[in-house]
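Please keep the structure open while reading.

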Amino acid sequence: MSHNLDKNVGRESDGRVLPTKCPNKGGSPTPAESMEGRRPTKENTGQTAASQIQSWENALAALHRVREAAKREKRLRFTSLLHHVSVVLLSNSFYALKREAAPGVDGLTWQEYETDLDKRLEDLHSRVHRGTYRALPSKRAYILKQDGRQRPLGIASLEDKIVQHAVGTVLNQIYEEDFLGFSYGFRPGCSAHDALDALSVGIMRKKVNWVLDADIRDCFGSFSHEWIVKFLQHRIGDRRILRLIKKWLRAGVLEDGKWLETEKELRFGDFAVACKCLPTLRFRPLGTALADASSQG
């Protein structure tokens with residue numbers, strides 16, 4: 001069973017392709033992995049594998065329908081999305097995480113969580129859908145930037161990463177149909193190398209009158225949580241999904257044993273795991289305006 005759902009949605013379940021809207025391919029497919037644990041009897045092995053494959057195909061088909069609806073109706077608001085955050089999607093998200101990543105405030109590692117994984121995911125799924133799931137604050141860490149300053153990171157707890165990744169996978173089915181083809185930031189299967197490759201081709205093969213080079217100062221430290229939610233509400237009408245995102249935004253960070261509120265910060269560590277579309281969503285109007293200006297010469 002594949003654990004790389006974003007790249008497979010909209011295709012046959014055994015296909016390994018990138019989203020069709022991304023102009024360049026980037027990265028290689030994540031190899032399928034198997035769950036560890038008690039070895040089942042030979043009689044049950046085939047039944048278990050068949051059940052997992054069927055569940056996986058059902059998840060792919062359901063997400064493909066979301067993507068098709070987003071493509072067909074550009075103003076459609078999706079009011080029922082949380083049911084796509086299933087146990088099989090949570091499992092996919094768990095196996096998509098970095099296994100050697102530093103633990104968050106929960107102190108739980110990937111290897112520890114994999115122990116008795118099925119029961120853990122069933123419980124997590126139940127809490128998410130009952131509304132009793134609680135987001136934990138991220139653990140503050142810092143990395144040194146080239147200019148000598150420090151960039152703050154937020155290391156999310158393991159269960160927060162799992163749920164965030166699953167929700168991000170669902171949202172990607174909508175926003176991948178909305179984003180412009182030359183938008184590369186934090187999109188599945190796209191990278192900075194792809195953007196540079198496309199830029200090189202554009203400059204060398206087409207007539208270019210001007211090039212705009214811009215950098216957003218303190219980008220991740222100046223995200224208004226209120227405006228993030230407003231942007232999302234244009235397409236997302238499921239209050240349960242919005243409530244989950246608000247929980248993560250309000251969870252704050254834990255630094256030196258003290259809880260700190262983050263009113264205008266999108267913690268980079270969390271952001272790398274969950275809802276990767278948010279910054280690209282924020283700057284989509286700018287991209288549209290630049291595209292219009294470019295087409296007019």
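**Notes on the fold**

1. Start at Leu-124. Setting aside neighbours within four places in sequence, Leu-124 is in contact with Leu-90, Tyr-113, Tyr-133, Glu-159, Ile-162 and Val-163. Contact here means heavy atoms within 4.5 Å. Leu-124 lies in helix α5, residues 117–130. Helices are DSSP runs of H or I with at least four residues, strands are runs of E with at least two, and both are numbered from the N terminus. Leu-124 has 0% relative accessibility and so counts as buried. The cut-offs are under 20% relative accessible area for buried, over 50% for exposed, and partly exposed in between, with a 1.4 Å probe and protein chains only. From Leu-124 to Asp-160 the C-alpha distance is 10.0 Å, although 36 residues separate them in sequence.

2. A word on the basis. This is a predicted model, in which local features need pLDDT of at least 70 and side-chain atom pairs count only at pLDDT 80 or more, while totals for chains, interfaces and linings use all residues. Residues are numbered from 1 along each chain as its sequence is written, and side-chain values use heavy atoms, with hydrogens and water left out.

3. Next, α3 against α5. Their axes come within 10 Å and cross at roughly 120°. That makes α3 oblique to α5. Axes are lines fitted to C-alpha atoms, for helices over the stretch in contact, and angles run from 0 to 180 degrees between N-to-C directions. Under 35 degrees counts as roughly parallel, over 145 as roughly antiparallel, 65 to 115 as roughly perpendicular, and the rest as oblique. Val-87, Leu-90, Ser-91, Phe-94 and Tyr-95 of α3 make the contact with Leu-117, Leu-121, Glu-122, Leu-124 and His-125 of α5. The crossing is right-handed. A crossing is right-handed if the near helix is turned clockwise from the far one by less than a right angle, and left-handed if anticlockwise.

4. Helix α3 (residues 87–96) also meets helix α6 (residues 158–175). Their axes come within 8 Å and cross at roughly 115°. α3 and α6 are therefore roughly perpendicular to each other. This crossing, too, is right-handed. On the α3 side, the residues in contact are Leu-89, Leu-90, Asn-92, Ser-93, Phe-94 and Ala-96. In α6 they meet Leu-158, Ile-162, Val-163, His-165, Ala-166, Thr-169 and Val-170.

5. Which residues of α8 are buried? In this helix (residues 225–233), they are His-225, Ile-228, Val-229 and Leu-232. They cover an arc of only 95° around the axis, which puts them on the same side of α8. The arc is that of the directions from the helix axis to the C-beta atoms. An α-helix has 3.6 residues a turn, so residues three or four places apart point the same way. Glu-226 and Trp-227, on the other side of α8, are exposed.

6. Now the sheet. Four strands form an open sheet in the order β2-β1-β3-β4, with mixed pairing. Two strands pair if DSSP finds at least two bridges between them. β2 (150–155) and β4 (258–260) stand at the edges with a single partner strand each, so one side of each has no neighbour in the sheet. On average, neighbouring strands are turned by 45° against each other, direction ignored.

7. The strand pairs can be checked one by one. β1 and β2 run antiparallel and are joined by 6 bridges. Ala-141 stands opposite Leu-153 in β2, and Ile-143 has Arg-151 as its bridge partner. β1 and β2 form a hairpin with 5 residues between them. Gly-148 in the turn has a positive phi of about 95°. β1 (residues 138–144) pairs with β3 in the parallel sense over 2 bridges. There, Ser-138 has Val-253 as its partner.

8. Two backbone angles deserve a look. Most residues other than glycine have a negative phi. Asp-116 is not a glycine, yet its phi is positive, about 60°. Asp-116 is in the loop between α4 (110–114) and α5. With a relative accessible area of 49%, Asp-116 is partly exposed. Asp-256 also has a positive phi, near 55°. Asp-256 sits in the loop between β3 and β4. At 76% relative accessibility, Asp-256 counts as exposed.
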